[in-house]
Amino acid sequence: MKKEIIASGLAAVVGLSLSLWTATARADEFTKQDVERWTGQFMGVVAQGRSLWTDGKLGTNGVACAQCHPNAANTHPETYPKFQKQIGKVITLPEMINWCLRNPLEGQPLALDDPKMTAMVAYVTYERRGVKLEPGKH
Amino acid sequence: MSSNYSRRSFLRTAGTVAAVGALPVTWVELAFAKPEDNFTFAYISDSHIQHIRGNKFVNNWDRGLIRAVAETNLISPKPDFVMFGGDLAQLGTKAELDHGAGMLSKLNGKLRCVMGEHDYYLDLGEYWSKLFGPQYYSFDHKGVHFVVLNSILTTEEWTHNRWPTAEQRMLEMAGLDNPNGSPFMVGEKQREWLAKDLSGIAKDTPIVVFSHSPIQKIFKAWNFWTDDAEQVQALLQPFSQVNVVYGHVHQIQYNQIGNLSFNSVMATAWPWPYPQTYAQAESMLPKLTIPMNRADPFFERDATGWQLIDVNTGRVSLNYNLYSNRPRTVAFDPKLGHPVDKQFQTEAALEPNQVQY
């Protein structure tokens with residue numbers, strides 16, 4: 001009895017979405033202009049990341065990420081998640097960024113979905129573009 | 001609590017003494033003078049003393065310089081003099097230079113200094129010169145001719161006409177990877193001075209040049225570079241034993257170009273990645289160089305250190321005292337005709353943490 005109700009409900013939903021599909025733009029279609037806009041949005045966030053990376057005000061002691069990591073070098077984003085031997089477990093890149101914020105920068109960690117964290121991850125990864133993914137590598 | 005603290009601080013001091021005692025000092029007899037003229041000098045560089053506000057400075061960088069000074073003072077037999085290789089300050093302020101000079105004043109023995117870009121671009125070296133003297137000079141010591149160059153100069157236009165304030169000029173040059181920076185150069189005036197300085201020196205006299213930037217071209221994007229390097233090298237090539245010792249790069253590098261041996265020194269502040277780790281630009285890191293270990297950021301002094309140097313063979317032999325790491329020695333090999341790492345020169349000896357990527 002219960003199964004029948006669910007099945008007929010599902011059929012109704014599928015029917016509704018099919019009728020909407022024919023009436024509006026198709027979700028899998030996008031234009032060159034769309035791609036340019038999205039790339040622009042991404043590069044804007046990369047630029048925000050670069051400016052945070054070189055900003056002595058991110059922590060409390062004036063030290064900037066770029067002081068030890070020019071062009072975000074030696075951050076190895078392609079190796080995360082990995083077993084971070086000093087922490088003793090598998091972590092992601094943002095967790096390592098937070099370690100740096102707390103220690104060399106003597107600052108506060110960011111929420112993992114903080115737009116500043118997103119921007120820094122975008123910058124670090126962009127500087128490493130073209131390098132193959134090697135999660136877990138040391 | 002207090003007895004616990006003093007026990008711990010005693011252990012720390014004892015550990016430091018043991019580490020210094022273990023330095024692999026080479027006792028090669030002098031090849032060009034009387035054996036009793038054997039001497040060493042210490043080389044400390046790139047401390048980047050950074051002012052926060054009031055009387056606060058970045059503790060991490062302070063500790064690096066304090067440790068280098070303390071360990072240098074423990075060396076026996078005593079080094080004949082101590083060189084400081086530039087970038088004492090981070091942003092060239094009086095507060096930073098004074099704080100750094102205060103720490104250097106604890107050194108026993110004669111100190112000589114090299115100008116770095118972080119010391120220079122706020123007031124074009126004015127306050128630094130008040131503290132440490134001329135920006136380029138030479139001296140003779142026990143048969144060796146030493147030359148100190150200010151290699152971090154750049155164009156007149158960039159220096160005098162590009163930036164609205166001195167503070168901005170300093171900040172633009174302080175960012176290693178900042179595309180608004182400008183390539184370093186020794187410049188015509190100093191090259192003329194150098195030619196004159198070398199004109200009275202016998203061609204077989206060992207020569208040691210100290211500069212902040214490498215007088216060779218390695219990686220332009222981070223100014224591991226001197227724009228008129230070839231012209232300076234040409235002045236030095238007629239001499240049979242020339243050594244160029246440079247800072248700025250915060251890592252072990254070495255190279256040989258004709259008669260010229262090149263050796264870099266470590267920073268006391270922080271290590272820099274090797275240029276080949278930046279995936280978006282080509283680097284010309286000398287093929288001879290066996291890299292140091294990848295730094296472990298969880299040990300804040302790792303991949304920093306200072307050097308004890310001798311010139312006993314007429315070429316420099318650098319004993320790297322690497323904090324939180326095994327010491328290394330890079331010395332000229334007369335058979336091969338270039339500097340080698342005493343332990344790691346063959347590829348087979350490379351350890352996993354020496355692979356830089």
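This briefing covers a chain interface, a helix pair and a helix face.

The model is predicted: local features need pLDDT of at least 70, side-chain atom pairs count only at pLDDT 80 or more, and totals for chains, interfaces and linings use all residues. Residues are numbered from 1 along each chain as its sequence is written, while chains are lettered from A and ligands numbered from 1 in the order in which they are written.

**Chain A with chain B**
- In contact (C-beta atoms, placed from the backbone, within 7 Å) are 18 residues of chain A and 16 residues of chain B.
- Helix H3 (residues 65-68) of chain A gives the most to the side of chain A that touches chain B: three residues. Helices are DSSP runs of H or I, at least four residues, numbered from the N terminus.
- That side of chain A has seven nonpolar, nine polar and two charged residues. Ala, Val, Leu, Ile, Met, Phe, Trp, Tyr, Cys and Pro count as nonpolar, Asp, Glu, Lys and Arg as charged, and the others, Gly among them, as polar.

**H2 and H5 of chain A**
- Helices H2 (residues 32-53) and H5 (residues 115-127) of chain A pack at about 95°, with axes 7 Å apart. Axes are lines fitted to C-alpha atoms over the stretch in contact, and angles run from 0 to 180 degrees between N-to-C directions.
- H2(A) and H5(A) are therefore roughly perpendicular (65 to 115 degrees).
- Among the residues that meet are A:Phe42 and A:Trp53 in H2(A), and A:Met120 and A:Tyr123 in H5(A).
- This contact has 10 nonpolar, three polar and two charged residues.

**H7 of chain B**
- Helix H7 (residues 166-174) of chain B has buried residues B:Arg169, B:Met170, B:Met173 and B:Ala174 (buried: 20 or more other C-beta atoms within 10 Å of a residue's own, with C-beta atoms placed from the backbone).
- Seen down the axis of H7(B), its buried residues fall within an arc of 130°, so they line one face of the helix. The arc is that of the directions from the helix axis to the C-beta atoms.
- The buried residues of H7(B) pack against helix H4 (117-120) of chain B.

Methods: Two residues are in contact if their C-beta atoms, placed from the backbone, lie within 7 Å. Helices (H or I, at least four residues) and strands (E, at least two) are DSSP runs, numbered from the N terminus. Angles under 35 degrees count as roughly parallel, over 145 as roughly antiparallel, 65 to 115 as roughly perpendicular and the rest as oblique. A residue is buried if 20 or more other C-beta atoms lie within 10 Å of its own, exposed if 12 or fewer, and partly exposed in between; C-beta atoms are placed from the backbone.
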